[in-house]
Amino acid sequence: MRWRYPRVIAHRCGGALAPENTLAGLRIAARLGCRAVEFDAMLSADGVPVLIHDETVTRTTGGGGRVDSLGAARLSALDAGARHHGAFAGERIPSLEEALALCAVLGVGANVEIKPSTGAETATGEAVTAVASRMMRRHADLALLLSSFSEDALAAAARTAPGIERALLVSRVPEDWRERMRRHDCVALHASASALDVAMARDVVEAGRPLACYTVNDPGSAGTLFGWGVAAVFSDRPDLFSPDDVGNR
Ligand code: G3P
Ligand code: MG
């Protein structure tokens, strides 16, 4: 696979510089020169993929309730900005479709992490992939990579649109990473930097698989990982990296 993403990918849209998983974050990432972002997509109660990390809205909006118990209209009425900083008050939880449309306009590649609420693994994989597929047809230049910790979600993604690239997302690189990647026809492996060592990294890299690591906020640590052959890091602090690191792909 040709790795089509820069060495540094803004985590949860704009990283720590904006409220996570928001369009404001995407715009800030683009202003910093980022050519790719990662964000999390979960289903609302009425089956709409929206950008949010947690299964409840509490931490990011100060509201209450599970994401899978609130309809898309209710979710989009919440304030997803003020908790980060008053300057972002009124920022909404975007739909996946809105986020991908903005990625296309900004020329920013997207790693869409399929983040199912408990029990909705297959439905989330299908719905996220269906939106991704529609948006890729609408925007031929949109670079898009699906990933998930959930193998059921990856299997659903592979059934729904086999042509969209997928990455297996893990915390620690498991012994059977080859078999798991093969099972879901994944092109890349995404793993936690904190659980990675040089031997694991070399194993993946020498097999010719792009390896991307989360979450790396220190350019020195990123440099060590790049030295091990890691293709990219997800970072909350894309502002600390060089224009080359965030901008080339
Ligand atoms: O996709 C990489 C990373 O985002 C996975 O962890 O919890 O930040 O979604 P998390
Ligand atoms: Mg994520």
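**Helix, sheet, metal and rings**

Let me start with helix α9 (residues 219–227), where Ala222, Leu225 and Phe226 are buried. They sit on the same side of α9, because they cover an arc of only 100° around the axis. That arc is taken from the directions from the helix axis to the C-beta atoms. Buried means under 20% relative accessible area, exposed means over 50%, and partly exposed is in between, with a 1.4 Å probe and protein chains only. Helices (H or I, at least four residues) and strands (E, at least two) are DSSP runs, numbered from the N terminus.

This is a predicted model: local features need pLDDT of at least 70, side-chain atom pairs count only at pLDDT 80 or more, and totals for chains, interfaces and linings use all residues. Residues are numbered from 1 along each chain as its sequence is written, chains are lettered from A and ligands numbered from 1 in the order in which they are written, and side-chain values use heavy atoms, with hydrogens and water left out.

Back to α9: its buried residues pack against β1 (8–10), β8 (211–214) and β9 (232–235), where contact means heavy atoms within 4.5 Å. Just after α9, Gly229 has a positive phi of about 100°.

Next, strand β6 (residues 166–169). Is β6 covered on one side or on both faces? On both: Arg166 and Leu168 on one side, and Ala167 and Leu169 on the other, are all buried. β6 runs parallel to strand β5 (residues 144–148), and three bridges join them; two strands pair if DSSP finds at least two bridges between them. Ser147 stands opposite Ala167 in β6. Three bridges also join β6 to strand β7 (residues 188–192), again parallel, and His190 in β7 is the bridge partner of Leu169.

Now the metal. Which residues coordinate the magnesium ion (ligand 2)? Glu38 (OE), Asp40 (OD) and Glu113 (OE) do, at 2.0 to 2.2 Å. Donors are N, O and S atoms within 2.8 Å of the metal (3.2 Å for Na, K and Ca), and water is not among the atoms, so sites may look incomplete. Both Glu38 and Asp40 are buried.

Last, the rings: there are two aromatic pairs. Trp3 and Tyr5 have ring centres 5.2 Å apart and planes at 65°, so this pair is edge-to-face. Rings of Phe, Tyr and Trp (its six-membered ring) pair if their centres lie within 6.5 Å; planes under 30 degrees apart count as stacked, over 60 as edge-to-face and the rest as tilted. Phe149 and Tyr214 are also edge-to-face, 6.1 Å centre to centre with 85° between the planes.
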